[in-house]
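User: Can you walk me through the labels used for this model, and what backs them up?

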Amino acid sequence: MYILIYSWQIMAQAEKKGGLLRRSSASKKPLKEKVVLMYDEIFTTEDPSKCNPRFWEELFLMKVNLEYLEGKLESLDGEELMKIKDNINCLFQRCIRALAEEHPIRVVNALQTLCALIRGVHQKNKSTSGFDIINMLMGFDKAELCMKNLMESLDTLLCSEGSESLKSLCLKLLLCLVTVTDNISQNTILEYVMINSIFEAILQILSSCPSRREHGYEAVVLLALLVNYRKYESVNPYIVKLSIIDDEATLNGMGLVVGQALSEYNRQYKDKEEEHQSGFFSALTNMVGSMFIADADEKISVQTNEAILLALYEAVHLNRNFITVLAQSHPEIGLVTMPESPVPTTPVTPLGTTPPSSDVISTVELPLDADVQTSNLLITFLKYSSIVMQDTKDEHRLHSGKLCLIILTCIAEDQYANAFLHDDNMNFRVNLHRMPMRHRKKAADKNLPCRPLVCAVLDLMVEFIITHMMKEFPMDLYVRCIQIVHKLLCYQKKCRVRLHYTWRELWSALINLLKFLMSNETVLLAKHNIFTLALMVVNLFNMFITYGDTFLPTPSSYDELYYEIIRMHQSFDNLYSMVLRLSTNAGQWKEPASKVTHALVNVRAIINHFNPKIESYAAVNHISQLSEEQVLEVVRSNYDTLTLKLQDGLDQYERYSEQHKEAAFFKELPHCSKSNSHKDRK
């Protein structure tokens with residue numbers, strides 16, 4: 001997988017700004033540092049220790065010059081590099097040997113040198129096979145032993161009570177190793193990381209509060225990336241081990257790290273939004289009206305965090321025990337602190353893996369939202385989703401939005417997750433971000449009611465439905481959105497949960513979606529099978545019609561459902577005409593259109609049954625236009641004579657399967673971050 005990987009290379013280049021050679025004056029020839037002279041000896045065909053037996057001992061006491069070392073590797077052509085292969089191998093092996101020494105300076109310099117070597121050789125050999133790179137770095141004959149010793153040393157350093165700076169460098173070396181190729185699954189060196197697992201070291205970091213504060217972010221990102229190494233091609237031990245974690249401290253630690261990263265994103269977005277609204281443009285729009293408000297808000301952009309989102313997905317998807325973490329309040333908010341001792345400079349932090357910024361990195365607990373009395377990881381994630389799902393015109397955010405919906409799909413299928421989503425004793429005030437639209441006012445945050453969390457999930461789905469009916473129609477996201485609603489309804493029907501929710505907002509959004517599909521039939525059919533989505537929407541109404549009496553909160557809610565169907569009968573009539581037309585023609589849409597035709601049978605039965613009775617009531621009482629209450633009175637009086645057809649399978653669905661349906665997405669997901677790397681860092 002390519003996530004963040006391309007970004008590392010850019011970040012590495014960006015760090016090469018400092019001068020490598022010291023100049024005594026502008027007119028004099030530059031003087032080379034001693035370490036640079038020693039590097040030059042390595043880049044010859046001679047053994048550098050031949051004339052100086054203490055060469056390697058002295059080298060690791062010198063401050064590493066990353067720019068020169070990487071630049072030198074990149075400047076050599078393939079033939080020149082092969083000539084000094086023995087010295088490169090020796091340097092790599094000496095670095096590993098230095099990691100076992102007690103002198104911390106040697107260990108630090110060895111870690112940084114390994115980073116430079118790994119990156120430099122890969123940068124020079126992008127088109128070369130992974131096996132050739134292994135040979136260039138350490139030699140085929142010694143690769144297995146080298147990597148075993150390297151991983152054991154890193155594991156020891158990470159699990160020891162030693163310097164936090166060293167642990168930080170160890171994680172950054174591992175991240176460098178994992179992300180050095182564009183496609184993580186083509187990084188052959190990671191086979192050794194699979195064999196010599198550091199999984200337990202990662203868990204130890206996450207389960208311990210002090211180490212989690214220092215290194216939790218890097219540990220979670222590293223774990224997410226390792227889980228994605230050849231996940232469909234072979235048995236990945238990190239997947240297996242992640243799926244069976246049941247240690248509460250470790251799972252909570254992972255949740256805290258993810259929650260802090262998402263909270264930081266939400267905070268940055270809110271700050272930018274407030275800054276934007278109080279700026280000059282806001283003042284200008286207040287003068288001339290709100291005609292440009294949507295364009296203004298499109299400019300609010302904060303770098304999304306695909307790495308942490310991927311980590312959350314893997315935890316939710318693979319480990320059922322992690323579901324409990326979603327609902328737990330987090331008294332501990334500050335997850336990462338700046339190290340007390342300075343961390344030696346090293347090329348790190350790939351784009352898209354940026355930890356929370358230093359202005360919020362502290363051990364002091366951050367205040368929760370003023371609008372939320374208590375908070376948890378799921379609330380934070382829902383807020384994050386409401387931001388990234390606003391703008392799907394950009395491919396990068398489109399994929400982030402899709403991953404958010406996939407995570408919600410996994411949650412909506414889980415029995416335990418549904419239990420706490422629908423728990424009346426767990427009420428929260430969730431302030432979702434809503435896209436500015438000219439025809440509606442911004443909701444007053446303080447007026448939000450406390451409700452079960454499932455209401456916030458449904459609000460998010462309704463918000464997406466009504467705000468993305470556009471030319472570049474995100475069909476896939478709409479399908480996922482409707483599927484999430486359906487799965488939640490299936491749980492409510494099964495467990496007879498009577499949720500007090502404003503169902504009319506959902507019904508109205510669904511009907512408007514059908515109207516959009518019909519009015520843009522020609523354009524949309526050129527790209528999408530709109531009948532799949534139309535069928536799902538109609539079947540949601542069938543779900544309410546057939547089983548609504550088991551999960552709608554009151555009998556009047558069921559009456560209101562019929563009222564909405566009757567009130568919007570023209571939309572359903574138009575849909576029926578459209579699908580009937582296409583189902584009677586011998587075209588490619590005949591079969592999918594005919595399915596919608598059959599699905600509309602009960603909706604049409606309701607319309608055909610009640611409309612004549614409503615017209616008759618109006619005529620008898622000499623009323624030109626009936627009120628809602630009068631229509632409802634007619635509905636309640638005529639249920640007995642209504643005949644509906646029992647439809648099978650409405651409360652069943654196909655469970656989510658990554659390997660069979662989403663493998664292509666997870667392989668391609670990282671491509672999106674490439675074009676946005678620079679922009680997102682702003």
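Predicted model: local features only at pLDDT ≥ 70, side-chain atom pairs only at ≥ 80, totals over all residues.

Analyst: Residues are numbered from 1 along each chain as its sequence is written, and side-chain values use heavy atoms, with hydrogens and water left out.

User: Why is H468 called buried?

Analyst: Buried means under 20% relative accessible area (1.4 Å probe, protein chains only). H468 has 1%, so it counts as buried.

User: What makes the approach of H468 to M389 a polar contact?

Analyst: The term needs a pair of N or O atoms within 3.5 Å; within protein, one must be able to donate a hydrogen and the other to accept it, and residues adjacent in sequence count only if both atoms are side-chain atoms. A polar atom of the H468 side chain lies 2.7 Å from the backbone oxygen of M389. The H468 side chain also reaches the backbone oxygen of F464, at 3.1 Å.

User: Which residues is F322 in contact with, leaving aside neighbours within four places in sequence?

Analyst: Contact means heavy atoms within 4.5 Å. On that basis F322 touches L251, M254, G255, L312, A315, V316 and L377.

User: What makes a nonpolar core?

Analyst: Buried Ala, Val, Leu, Ile, Met, Phe, Trp, Tyr and Cys residues, joined through side-chain atoms within 4.5 Å. The largest one here has 224 residues, and F322 is among those with the most contacts inside it.

Methods:
Buried < 20%, exposed > 50% of the residue type's maximum accessible area, 1.4 Å probe, protein only.
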